[in-house]
Amino acid sequence: MMTDKTDNPTRGRRSKIDLLPDDVKQLLDGLLRDGKNSQQEVLQAVNEYIEQQGLPEDLKPSRSGLNRYSSRMEAIGKDLRDVREVSQALVAQLGDKPTGEVSKLILEIGRTQLFKAMMNANEKDGEVDIGMIKDAMLAAQRLESAAMSSHKREKEIRKAFADEAAKVAETVAKKAGMTAETVSSIKKEILGIV
């Protein structure tokens, strides 16, 4: 069943940790990223910092809240590491293939992730977030548009470079006393004209 999640105001509510002031959140994230501290040590350091700053007591995260946040961040970090590894392998495999091929690959990864998100939502509560689908489709459209612009610009740059190289080659060839036919042949090779 597909519904718009704006029907349910409790969904998507930000956690207490997400609402922390930026400086407290940066401290928390830094301690978690460091990996040298236990969650109890992280919680203690964050709560002490909140006290030192004279912030309200109700900003202090709970142990379970920190555990949920840490688990969520670790899951996101794992996904990012996995995507980075796959991307590096694919980029190595693609090498200098046209930008369009890379864009197709990125769009396919996006479609796969969207499908997974929809399946996960369906398994959890039988609902699919229409807003998420709209956002994903808009992102895919923007990505494709950016890829096309990038590809067009790349072609323009290559053509301008080839034109300049052809002019230089023509000048050098003429100075070297080559025939007009040889100069024309060199220009055609540089410009990729068969």
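Hi everyone, let's start in the middle of this chain: its largest nonpolar core has 12 residues, namely I17, L20, V24, L28, L31, V42, L43, V46, I50, L59, L66 and Y69. A nonpolar core here is a set of buried Ala, Val, Leu, Ile, Met, Phe, Trp, Tyr and Cys residues joined through side-chain atoms within 4.5 Å. Buried means under 20% relative accessible area, exposed means over 50%, and partly exposed is in between, with a 1.4 Å probe and protein chains only. Helices α1, α2 (39-52) and α3 are the elements that give two or more residues to this core. The most comes from α2, with 4 residues. As general background, nonpolar side chains tend to be buried together in soluble globular proteins.

Before I go on, a word on what you are looking at. This is a predicted model, in which local features need pLDDT of at least 70 and side-chain atom pairs count only at pLDDT 80 or more, while totals for chains, interfaces and linings use all residues. Residues are numbered from 1 along each chain as its sequence is written, and side-chain values use heavy atoms, leaving out hydrogens and water.

Now the overall layout. The chain's secondary structure comes to 6 helices and 2 strands, and the elements run β-α-α-α-α-β-α-α from the N terminus on. Helices (H or I, at least four residues) and strands (E, at least two) are DSSP runs, numbered from the N terminus. Of the 194 residues in the chain, 19% are buried. Among contacts with a separation of 6 or more, 55% are between residues 24 or more positions apart.

Next, please find helix α5, residues 130-175. Its 46 residues should span 68 Å at 1.5 Å a residue, and this agrees with the model because the end C-alpha atoms are 68 Å apart. The expected span is 1.5 Å times one less than the number of residues. Which residues of α5 are buried? They include I133, A147, A162, A166, A169 and A173. After α5 comes G177, with a positive phi near 85 degrees.

On to charges. In general, side chains of opposite charge can pair when their charged atoms come close. I count a salt bridge when a side-chain nitrogen of Lys or Arg is within 4 Å of a carboxyl oxygen of Asp or Glu. How many salt bridges does that rule give? The count comes to 7.

Two of them sit in α5. R153 pairs with E156, with the closest N and O atoms 3.5 Å apart, and these partners are 3 residues apart, about one turn of the helix. R153 is partly exposed because its relative accessibility is 48%, and E156 is partly exposed at 38%. Further along, K159 pairs with D163 at 3.2 Å between the closest N and O atoms. K159 and D163 are 4 residues apart in α5, so about one helical turn separates them. K159 is exposed at 52% relative accessible area, whereas D163 is partly exposed at 27%. There is also a network: salt bridges that share partners join E51, E57 and K60.

Back in helix α1 (residues 22-34), K25 and D29 are 4 residues apart, about one helical turn. Their side chains meet in a salt bridge of 3.4 Å, N to O. Are K25 and D29 buried or exposed? Both K25 and D29 are buried.

Last stop, the surface. R33, also in α1, is exposed because its relative accessibility is 67%. R33 and S70 are 37 residues apart in sequence, with C-alpha atoms 9.6 Å apart in space. In α6 (residues 180-191) we find A180, which is exposed with a relative accessible area of 66%. A180 and E170 are 10 residues apart in sequence and 9.2 Å apart, C-alpha to C-alpha.

Technical notes. Contact = heavy atoms within 4.5 Å.
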